[in-house]
Amino acid sequence: MSGLHLRDYWTAFRTIVTKEVLRFARIWVQTVLPPVITTALYFIIFGGLIGERIGDMEGYRYMDFIVPGLIMLAVITNSYSNVVSSFFGSKFQRHIEEMLVSPVPNSVIILGFVFGGVARGLSVGVAVLLVSLFFSPLSIHNPGVMLVIVLMTSILFALAGLINGVFARTFDDIAIVPTFILTPLTYLGGVFYSISLLPEFWQGVSMLNPILYMVDAFRYGSLGHSDFPLAMSFAIISGFIAVLYGVALTLLNRGVGIRS
Amino acid sequence: MTPALEIRGLKKTYKNGFEALKGIDLEVAPGSFFALLGPNGAGKSTTIGIITSLINKTAGTVKVFGHDLDSDLQAVKRSIGLVPQEFNFNNFEPIGEIVVNQAGYYGIPRREAWERCEHYLHELGLWEKRKDMARTLSGGMKRRLMIARALVHEPRLLILDEPTAGVDIELRRSMWDFLTRINSDGRSIILTTHYLEEAESLCRNIAIIDDGRIIENTTMKRLLAKLETETMVLDLSEPPKGLPDDAAVALRQVDEMTLEADIQRGQHLNDLFRVLDQAGIRVQSMRNKSNRLEELFIRMTRNGLEPSHLTLGKH
């Protein structure tokens, strides 16, 4: 009896992704609806009420300027939180062992969880996009760039969520990173403003924030405006994905947090 | 014939320095129904954890149907189905999906997975519950769910860690019947249990592990033959007028209507009844005071005498 073949890997991958999608779809009131409502409030308060007084941003209506950033905000937080909570939950209830005793390789486990997170990130992203149509006309400058950037960003944060889930030992551990790192980085990542508004020193500091490049590249795909070269954003996101995947695979191969 | 399981020099030392396994050797013949017994903390679950790759070993080799755990892990995993001691499924998932997903991890396409799921859930009386969330099942149903899940990829070796813990007697008997049936179909089974009656009824071979070492590995028949003394409880028809003073039988009165008799190995029950008859004692019914295997187990493990104090050797 030999191991799995490529077709079997595909079946295993589809199984994990389907399980993940059904998981968040089953509890859509907790997973999909809240970010949509929150973002709608952002549109009303920041875009509508306050935005009217702010005027234009980089030549665009403020509401139009924040739409790409808010979509990315939803994609980032949902991709991350889906994987971190699902992976930690499977450790906590020990049903991660269902996969660990099976011949499915760690690389497929990672990809399964990640694409489950991507599915939620993109579902919420699309829902937010649809809500945004009530406030701002759909603006697509380069659909290819938009799609690839949002997909890569979602993969990146799903991987980060998985690593968080590997190390997490309590439910507090899965809330710390999103609350104290992810949310501040996202808010300071140019969602609500162009970094050209910042003093030079803070512009330099902002450039250390990887989320800035993702929001900027996505905004380019939507509005055609960017603060940084597109290639630079792609390179940074690709680099992060490669590093995070390598870290995740190493952790699972070593059994960190999942094997004694 | 290639053994279903072959363990050589298996050691496990946890990060906190606890030496759970101190170099165990174990061989399980293909098709056998094998009991792995031992007190809590003896190393049973660590051994099972290593075989199923949930725990990393410190030293030694493990082979399942000739496949080496280190060099052929995927084949080892395909050969094993595990029913763990604790419930380890998603409580918020329908039970049909739990079984079908498990099949998917082994590369079994969804349609075929549902066919197998239907077969095993029917066998275990759970098919009608397939759409119910796992959290709504009773303890016994959850155990049966884990058995269905462990069998869905048709493993050649089924490992059950305390499968009937918390299961009522009727259900336990039906699970025994089911396990006996799948064993007679050729599937090898390794069982750990605290119900020693269960091991005695089901298993033909047995290993006893204690303090990280295998202290006995033999057939159930041979092991039980080593029992030096059995205590029989005699329920009387009427109170005895006195106990017979015969050195051949050790009798003592428990209460007005009950006696206990120690029967030595090799001694015939006829001797006991002859003495009782001569004393005019009428016996209504008779039973073993305790499970025979349980008696041996307590004497052999660290709760009782050291194995060296008994006339027990390895076979």
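Me: Leaving aside residues up to four places away in sequence, what does A:Asp173 touch?

Reply: A contact here is a question of C-beta atoms lying within 7 Å of each other. On that basis, and with neighbours up to four places off in sequence set aside, A:Asp173 touches A:Phe167 and A:Ala168. Keep in mind that this is a predicted model.

Me: Where does A:Asp173 sit, then?

Reply: A:Asp173 belongs to helix 8 of chain A, which covers residues 171-191.

Me: Does A:Asp173 count as buried, exposed or partly exposed?

Reply: You count neighbours: 20 or more C-beta atoms within 10 Å makes a residue buried, 12 or fewer makes it exposed, and anything in between is partly exposed. A:Asp173 has 14 such neighbours, so it lands in the partly exposed class.

Me: How far apart are A:Asp173 and A:Leu212, in sequence and in space?

Reply: In sequence the separation is 39 residues, and in space it is 25 Å from C-alpha to C-alpha.

Me: Over to chain B. What is the strand order in its open sheet?

Reply: Read a sheet by walking across it from strand to strand. Chain B has an open sheet of 4 strands in the order 2-1-4-5, paired antiparallel. Strand 2 and strand 5 (67-68) are at the edges with a single partner strand each, so each has one side without a neighbour in the sheet. Helix 1 of chain B (residues 44-51) packs on this sheet, touching strands 1, 2 and 4, and its direction makes about 115° with that of strand 1.

Me: How many bridges join strand 1 of chain B to strand 2 of chain B?

Reply: There are 7 of them, linking residues 5-13 to residues 19-28 in antiparallel fashion.

Me: Last one: how many residues does each chain bring to the contact between A and B?

Reply: Counting residues instead, chain A brings 24 and chain B brings 27. On the chain A side, helix 1 (6-26) and helix 5 (96-100) each supply at least two residues, and helix 1 gives the largest share, 6 residues. By class, that side of chain A has 8 nonpolar, 9 polar and 7 charged residues.

Notes. Residues are numbered from 1 along each chain as its sequence is written. Chains are lettered from A and ligands numbered from 1 in the order in which they are written. This is a predicted model: local features need pLDDT of at least 70, side-chain atom pairs count only at pLDDT 80 or more; totals for chains, interfaces and linings use all residues. Two strands pair if DSSP finds at least two bridges between them. Two residues are in contact if their C-beta atoms, placed from the backbone, lie within 7 Å. Axes are lines fitted to C-alpha atoms, for helices over the stretch in contact, and angles run from 0 to 180 degrees between N-to-C directions. Ala, Val, Leu, Ile, Met, Phe, Trp, Tyr, Cys and Pro count as nonpolar, Asp, Glu, Lys and Arg as charged, and the others, Gly among them, as polar.
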